[in-house]
Amino acid sequence: MDDSVDRHIARWRGKAPFDERVEAIVTRMQFLVKHLAQAKGTALAAVGLQDFEYETLHWLGARGEAGRATPTELAAELRVSPAGMTGRLDTLEKAGLVRRIRSAEDRRRVDVELTSEGRALWLRAMDLRGEVEDEMVGVLPPDDQDALAALLKRMLLHVEHPARS
């Protein structure tokens, strides 16, 4: 059975110079990434989060049960300016999803942590995203999933560290 990429390749065959195998792989990866981005958008809309809000909650959630970081650490991890981070945190704090806490040891230090509401909302969004991801990958048996993960890792290592591959 043909998919949209088979039709894409057939449409371009003889009109542009490309390796059909490479084109098939890259285009399928691009289409799958688009599908995941749409699924993420749907999941975030379902829980009432914008992408920047989710990403901030996600980074805090990745820090463990405390879900705590300084605004400077968050700005660096999320690659946003300090002013941009302040705006994000103001929005999330007004929504009750994060709180700023002064350090007991150093009053100049402010930590940001997830509230229980923020953690619950982030986890709900994660669940909704996970359902789509599990469904997408679930068409492959576990051995194929392992093989695909290994192949993608090899490709990613090559582009992240070209001198080593």
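Five bridges join strand E2 (residues 98-102) to strand E3, and the two run antiparallel. This is a predicted model. Keep that in mind at each stop.

**Stop 1: the strands.** Select residues 110-114, which form strand E3. Four of the five residues in E3 are buried, so the strand is mostly covered.

Stop 2: Show the side chains of Glu-113 and Arg-68. They meet in a salt bridge of 2.6 Å, N to O. Glu-113 belongs to strand E3 and Arg-68 to strand E1, so this pair ties together parts that are 45 residues apart in sequence. Is Glu-113 buried or exposed? It is buried, with a relative accessible area of 10%. Arg-68 is partly exposed, at 36% relative accessibility.

Arg-100 is in strand E2 and Asp-90 in helix H5 (residues 82-94), so you are looking at a link between distant parts of the chain, 10 residues apart. Arg-100 counts as partly exposed at 29% relative accessibility. Asp-90 counts as partly exposed too, at 30%.

Next, select Asp-3, Asp-6 and Arg-28. Salt bridges that share partners join these residues into one network.

Stop 3: How many salt bridges does a search of the whole structure find? The count is 13. For one more, select Glu-77 and Arg-63, whose side chains meet at 2.6 Å, N to O. Glu-77 lies in helix H4 (residues 71-78), and Arg-63 sits in the loop between helix H3 (51-61) and E1, so the pair ties together parts that are 14 residues apart in sequence. Glu-77 is partly exposed at 25% relative accessibility. Arg-63 is partly exposed at 33%.

**Stop 4: Lys-40.** Move to helix H2 (residues 20-47) and find Lys-40. Why does this lysine count as buried? Its relative accessible area is 16%, and buried means under 20%. Show the neighbours: Lys-40 touches Asp-51, Tyr-54, Glu-55 and Arg-129, leaving aside residues up to four places away in sequence. Its side chain makes a polar contact of 2.7 Å with the side chain of Asp-51. Another polar contact, of 2.4 Å, joins the side chains of Lys-40 and Glu-55.

Stay in H2 and click Ala-39. Ala-39 is buried, at 12% relative accessibility. Draw a line from its C-alpha atom to that of Leu-97: the separation is 22 Å, for residues 58 apart along the chain.

**Stop 5: the nonpolar patch.** Select Val-22, Ile-25, Val-26, Leu-148, Leu-152 and Met-155, which make a nonpolar surface patch of about 460 Å². Which helices each supply at least two residues of the patch? They are H2 and helix H7 (142-160). Finish on Ile-25, in helix H2. Ile-25 is partly exposed, with a relative accessible area of 41%.

Conventions:
Residues are numbered from 1 along each chain as its sequence is written. This is a predicted model: local features need pLDDT of at least 70, side-chain atom pairs count only at pLDDT 80 or more; totals for chains, interfaces and linings use all residues. Side-chain values use heavy atoms; hydrogens and water are left out. Buried means under 20% relative accessible area, exposed over 50%, partly exposed in between (1.4 Å probe, protein chains only). Two strands pair if DSSP finds at least two bridges between them. A polar contact is a pair of N or O atoms within 3.5 Å; within protein, one must be able to donate a hydrogen and the other to accept it, and residues adjacent in sequence count only if both atoms are side-chain atoms. Contact means heavy atoms within 4.5 Å. Patches are made of residues with over 30% relative accessible area and no salt bridge: like charges are joined within 9 Å, nonpolar side chains (Val, Leu, Ile, Met, Phe, Trp, Tyr) within 5 Å. Accessible areas come from the Shrake-Rupley method with a 1.4 Å probe; for residues, only the protein chains shown count as cover. A salt bridge is a side-chain nitrogen of Lys or Arg within 4 Å of a carboxyl oxygen of Asp or Glu.
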